[in-house]
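Here is a short briefing for a first look. Keep the sequence and the 3D view open while you read.

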Amino acid sequence: MREGELLETTCRLANTLKRHGVRRGDRVAIYMPVSPLAVAAMLACARIGAVHTVVFAGFSAESLAGRINDAKCKVVITFNQGLRGGRVVELKKIVDEAVKHCPTVQHVLVAHRTDNKVHMGHLDIPLEEEMAKEDPVCAPESMGSEDMLFLLYTSGSTGTPKGLVHTQAGYLLYAALTHKLVFDYRPGDVFGCVADIGWITGHSYVVYGPLCNGATSVLFESTPVYPDAGRYWEMVQRLKINQFYGAPTAVRLLLKYGDSWVKKYDRSSLRTLGSVGEPINFEAWEWLHKVVGDGRCTLVDTWWQTETGGICIAPRPSEEGAEILPGMAMRPFFGIVPVLMDEKGKVVEGGNISGALCLSQAWPGMARTIYGDHQRFMEAYFKPYPGHYFTGDGAYRTEDGYYQITGRMDDVINISGHRLGTAEIEDAMANHPAVPETAVIGYPHDIKGEGAFAFIVLKDNTGDTDAVVKELKSAVATKIAKYAVPDQILVVKRLPKTRSGKVMRRLLRKIITGRTQDLGDITTLEDPSVITEILSAYQKYKDKQAASQ
């Protein structure tokens, strides 16, 4: 899609929204996979001063409804169906199910990704037909620098997702500047970020950052292995991509398919490789650098969050030829002042030291609040270490002042780059009549980085355990999304609790990672014999798995 086409599509869509009652400040939910029309939908909202909230098109109807209701969206924009990895996704059916529970929704604008007809109800409007009637010119709304640009929901350590608010000027400035400088973007380059627009990476480095810089931005709708494991590199050759930005989970997956799928294609156009979503392990970094980049491309391991709006720590920009250390984000971006904090909330100085990663001054791209709950925003990010923004991540600082991210410090796990609160998964399973208690933790996973491991307690009279496990997996897929379904579910008689009734998840983590020699302080456990009990159950579970392979 050329610049003029994108502008015309955006204006026609913006005028369609206005015709159907969307005004400045109204919220619009976008439930669409990566596509030119989804980008135009985001830009159309921005053009008329409406606030878009893009919901990842893999979320269930219940998750979608929760976000629509929290934002009080007036309109939903979707496709009849989606296509992903050779599969058809029934997007319109999911929206129909969601909006039954969304009283604020007045219209559902339905575009067509496939030729298949779908049921059109009283709220539904055929989007392309309406756009064809509209003027291809729409004057942009004049907005204040701190007016809302978009809402994006992210998981927290408690059950309900948080609608983070990003504003007009600061976010756009930060997305544009980081895109240009971290990736060494030059006019005429083809920028390829393979993230979904449902996440912040898609917002900042598929849509807003590249387009602010006048870049050609690649949209990737498929999966890394469809139709085969050469999909990314065929695309690099065909489109002559200069910057490639992807996730460690995809790199680890492709690594297992071997080098031949990469070497089959010409990757000489590549100049910068980027990694995003979670810390990249050494093996994946080396493969990306040596095999994909032929040892000649700059590799930037980037650390940032939905809350930060853009990249905060990365190896570039830096002096010409400055070193890049494998698997390390390294250098703070302009205006980012990281500090490490100890358990007492004191700043720790010097190198070769770990601590809670905080940022000590504001930066343009930072989220301004949680929609409708500023108190929660302050408590989540500014109360733990007063005077500082707490990232929720731990980090290690070298003698040279370089930063390495060590992972989450709270009950949030990172599955294939998707951040997910363990409490959300527990909540999804808690309604099962046979399950009085659950505890979910993250554990190391070869491909995903982290997987979800669920411990469940069943009522005494429960019959078919396998059926319950199947029902629990289905409940998580229905209430959240398929990627949130625990990889492992272990039935235990009870959970390790303190005398005050709090589940000691760190003990569960140590049991499944084999670190039972170092359980730490267990004096607050109500009954220490529970550890032996769970260890025994886990061993039987592992033996059963091994026997079935």
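Which residue in strand 25 does A454 stand opposite? A454 faces I489. The model is predicted.

**Strands 24 and 25**
- Strand 24 covers residues 449–457, and it runs parallel to strand 25.
- The two strands are joined by 5 bridges.
- Strand 25 spans residues 488–492 and is mostly covered.

**Helices 9 and 11**
- Helix 9 takes in residues 248–255, and helix 11 takes in residues 282–292.
- Their axes come within 9 Å and cross at roughly 75°.
- The crossing angle falls in the range from 65 to 115 degrees, so helix 9 is roughly perpendicular to helix 11.
- Helix 9 brings V251, R252, L254 and L255 to the contact.
- Helix 11 brings E283, A284, W287 and L288.
- By type, the contact residues are 6 nonpolar and 2 charged, with no polar ones.

**Residue E129**
- E129 sits in helix 5, which spans residues 127–133.
- Is E129 buried or exposed? E129 counts as exposed, because its relative accessibility is 54%, and the cut-off for exposed is over 50%.
- V110 is 19 residues away from E129 along the chain.
- The C-alpha atoms of E129 and V110 are 9.8 Å apart.

Key
Residues numbered from 1 in each chain as written. Predicted model: local features only at pLDDT ≥ 70, side-chain atom pairs only at ≥ 80, totals over all residues. Heavy atoms only, no water. Buried < 20%, exposed > 50% of the residue type's maximum accessible area, 1.4 Å probe, protein only. Helix = DSSP H or I, 4+ residues; strand = E, 2+ residues; numbered from the N terminus. Pairing = 2+ DSSP bridges. Axes fitted to C-alpha atoms, helices over the stretch in contact; angles between N-to-C directions. Parallel < 35°, antiparallel > 145°, perpendicular 65-115°, else oblique. Contact = heavy atoms within 4.5 Å. Nonpolar A, V, L, I, M, F, W, Y, C, P; charged D, E, K, R; others polar.
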